[in-house]
Amino acid sequence: MTAYTDGHKSWRLKYRFGGRADGKPGTAEKVLTLGVFPDVSLKRAREKRDEARRLLADQHRSRYSEDHQRRVAQLQTF
């Protein structure tokens, strides 16, 4: 949860994914807002967090698979 100086609060998920925009090695840190408190309960924020993590994991796996397939295709030159 992030609390702001004006008093509002929001549920946020900080994560790292993909490459950095500046071209340096490493991953980019990103923030996903899950909702505003109290409109989104703690239980619902946790459900959204879990769903976001699953989606990120699936994207990571598919991205790795695509990279791997591309490399294999480059090696198969006969």
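## Burial and surface

Of the 78 residues in the protein chain, 14% count as buried. The model is predicted. The accessible surface of the chain comes to about 6,500 Å², and carbon and sulfur atoms account for 51% of that area.

## Order of the elements

The protein chain has three strands and one helix. Read from the N terminus, these elements follow the order β-β-β-α. Strand 2 covers residues 9-19, strand 3 covers residues 27-37, and helix 1 covers residues 42-75.

Contacts can also be sorted by how far apart the partners are in sequence. Among contacts between residues at least 6 apart in the chain, 31% join residues that are at least 24 apart.

## The nonpolar core

The largest nonpolar core consists of six residues: W11, L13, L34, V40, A45 and A52. Strand 2 and helix 1 are the elements that give two or more residues to this core.

Apart from neighbours within four places in sequence, A45 is in contact with W11, L34 and V40. V40 lies in the loop between strand 3 and helix 1. V40 has a relative accessibility of 11%, so it counts as buried.

## S10 in strand 2

S10 is found in strand 2. Is S10 buried or exposed? Its relative accessibility is 4%, and because buried means under 20%, S10 counts as buried. Not counting residues up to four places away in sequence, S10 touches M1, T2, Y4, T33, G35, V36 and F37.

## The aromatic pair

The structure holds one aromatic pair. The ring centres of W11 and F37 are 5.9 Å apart and the ring planes stand at 80 degrees, so the pair is edge-to-face. Because W11 lies in strand 2 and F37 in strand 3, the pair ties together parts that are 26 residues apart in sequence.

The two partners fall into separate accessibility classes. W11 has a relative accessible area of 12% and is buried, whereas F37, at 36% relative accessibility, counts as partly exposed.

The bond runs from F37 to P38, with omega near 10 degrees. P38 is in the loop between strand 3 and helix 1, and V40 lies in that loop as well.

## Y15 in strand 2

Y15 is another residue of strand 2. Which residues does Y15 contact, leaving aside neighbours within four places in sequence? They are A28, E29, K30, V31, L32 and L56. Of these, L32 is 17 residues from Y15 along the chain, and the C-alpha atoms of Y15 and L32 are separated by 8.0 Å.

## Salt bridges

How many salt bridges does a search of the whole structure find? It finds two. One joins the side chains of E47 and R44, with an N to O distance of 3.3 Å. E47 and R44 both lie in helix 1, three residues apart, or about one turn of the helix. E47 has 36% relative accessibility and counts as partly exposed. R44, at 38% relative accessibility, also counts as partly exposed.

The other salt bridge is formed by R49 and D50, whose closest N and O atoms are 3.0 Å apart. R49 is partly exposed, with a relative accessible area of 27%. D50 has 30% relative accessibility and counts as partly exposed.

How values were computed:
Residues numbered from 1 in each chain as written. Predicted model: local features only at pLDDT ≥ 70, side-chain atom pairs only at ≥ 80, totals over all residues. Heavy atoms only, no water. Helix = DSSP H or I, 4+ residues; strand = E, 2+ residues; numbered from the N terminus. Buried < 20%, exposed > 50% of the residue type's maximum accessible area, 1.4 Å probe, protein only. Contact = heavy atoms within 4.5 Å. Core = buried A, V, L, I, M, F, W, Y, C linked by side-chain atoms within 4.5 Å. Areas by Shrake-Rupley, 256 points an atom, 1.4 Å probe, with all protein chains shown as cover. Salt bridge = Lys/Arg side-chain N within 4 Å of Asp/Glu carboxyl O. Phe/Tyr/Trp six-rings, centres within 6.5 Å; stacked < 30°, edge-to-face > 60°.
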